[in-house]
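Please keep the sequence and the structure open while reading.

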Amino acid sequence: ALVVVAVDRGSKLLVDGMDLGVPYQLFGTSLQIIRGENRGGLFGILQGSAPLLAALSIGVIVALVAYHERERMHRVTLLTIGIALLIGGAIGNLIDRLAFGYVLDFVDVGVGSLRFWTFNLADAGISIGILLLLIDTVMRSRGSVRS
């Protein structure tokens, strides 16, 4: 979780210091850096709700830690890694919401005019964490994984 927070904070500090009057292309227009301020939640929902989303983030972080402790993982598992990525991402975005009232997004992916929502590395950690938890759930339901 701390690695996600550190990488997220470092990348946001770097991007925040860049002059981004126009998108900075990393891989043509398919992958570019563009500064955006998300004053809402995932995919821009609940715009202007930073205090509510900050409180929800704290609740989610506490719930994830409690869940992990309840599972009593004694070794690194997909569940452990997934929860760590989720917690790190939640903390990274929580820092933005508390400090600025918005989350700094900057990764712009797409083809031509077809674009995905702009996101940041905390969001990527959250998305990958959710994917790992889903994989872990499927593997547990099939009996492939033992805690």
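## Aromatic residues

Phe 116 has a relative accessibility of 43% and therefore counts as partly exposed, where buried means under 20% relative accessible area, exposed means over 50%, and partly exposed lies in between (1.4 Å probe, protein chains only). Trp 117, at 47% relative accessibility, is likewise classed as partly exposed. This is a predicted model, in which local features need pLDDT of at least 70 and side-chain atom pairs count only at pLDDT 80 or more, while totals for chains, interfaces and linings use all residues. Residues are numbered from 1 along each chain as its sequence is written, and side-chain values use heavy atoms, with hydrogens and water left out.

The structure holds three aromatic pairs, a pair being two rings of Phe, Tyr or Trp (its six-membered ring) whose centres lie within 6.5 Å, with planes under 30 degrees apart counted as stacked, over 60 as edge-to-face and the rest as tilted. The ring centres of Phe 116 and Trp 117 are 5.3 Å apart and their planes stand at 80°, so this pair is edge-to-face. Phe 116 also pairs with Phe 119, with centres 6.2 Å apart and planes at 80°, so that pair is edge-to-face as well. Through ring pairs, Phe 116, Trp 117 and Phe 119 are linked into a cluster.

## The chain as a whole

The chain has four helices and four strands, which are DSSP runs numbered from the N terminus (helices H or I, at least four residues; strands E, at least two). Along the sequence these elements follow the pattern α-β-β-α-α-β-β-α.

Of the 147 residues in the chain, 37% are buried. The accessible surface, from the Shrake-Rupley method with a 1.4 Å probe (for residues, only the protein chains shown count as cover), comes to about 8,800 Å², and 69% of it belongs to carbon and sulfur atoms. When contacts (heavy atoms within 4.5 Å) between residues at least 6 apart in sequence are considered, 64% join residues at least 24 apart.

Helix H1 covers residues 2-16, and at 1.5 Å a residue its 15 residues should span 21 Å, which agrees with the 21 Å between its end C-alpha atoms; the expected span is 1.5 Å times one less than the number of residues. Which residues of H1 are buried? They are Val 4, Val 5, Asp 8, Arg 9, Ser 11, Lys 12 and Val 15. These residues cover an arc of only 170° around the axis, which puts them on the same side of H1, the arc being that of the directions from the helix axis to the C-beta atoms. An α-helix has 3.6 residues a turn, so residues three or four places apart point the same way.

On the other side of H1, Leu 2, Val 3, Leu 13 and Leu 14 are exposed. The cover over the buried residues of H1 includes strand S2 (31-38), helix H3 (78-100), strand S3 (103-111) and helix H4 (121-141). Arg 9, which lies in H1, is buried at 17% relative accessibility, and, leaving aside neighbours within four places in sequence, Arg 9 is in contact with Gly 92, Ile 95, Asp 96 and Phe 100.

Just after H3, Gly 101 takes a positive phi of about 85°. Within H3 is Ile 95, which is partly exposed with a relative accessible area of 31%. Ile 95 touches Val 5 and Arg 9, not counting residues up to four places away in sequence; from Ile 95 to Val 5 the separation is 90 residues in sequence and 9.3 Å in space, C-alpha to C-alpha.

Leu 132 lies in helix H4 and is buried, at 16% relative accessibility. Not counting residues up to four places away in sequence, Leu 132 touches Leu 78, Ile 81, Gly 82 and Leu 85. Leu 132 and Ile 83 are 49 residues apart in sequence, and their C-alpha atoms are 8.6 Å apart in space.

## Nonpolar cores

A nonpolar core is a set of buried Ala, Val, Leu, Ile, Met, Phe, Trp, Tyr and Cys residues joined through side-chain atoms within 4.5 Å. The largest such core has 10 residues, namely Ala 54, Ile 61, Leu 64, Leu 79, Ile 83, Leu 86, Ile 87, Ala 90, Leu 94 and Leu 133. Helix H2 (50-71) and H3 are the elements that give two or more residues to this core, and the largest share, six residues, comes from H3.

Apart from this core lies another, of six residues, including Val 15, Leu 20, Phe 106 and Phe 119. In soluble globular proteins, nonpolar side chains tend to be buried together.
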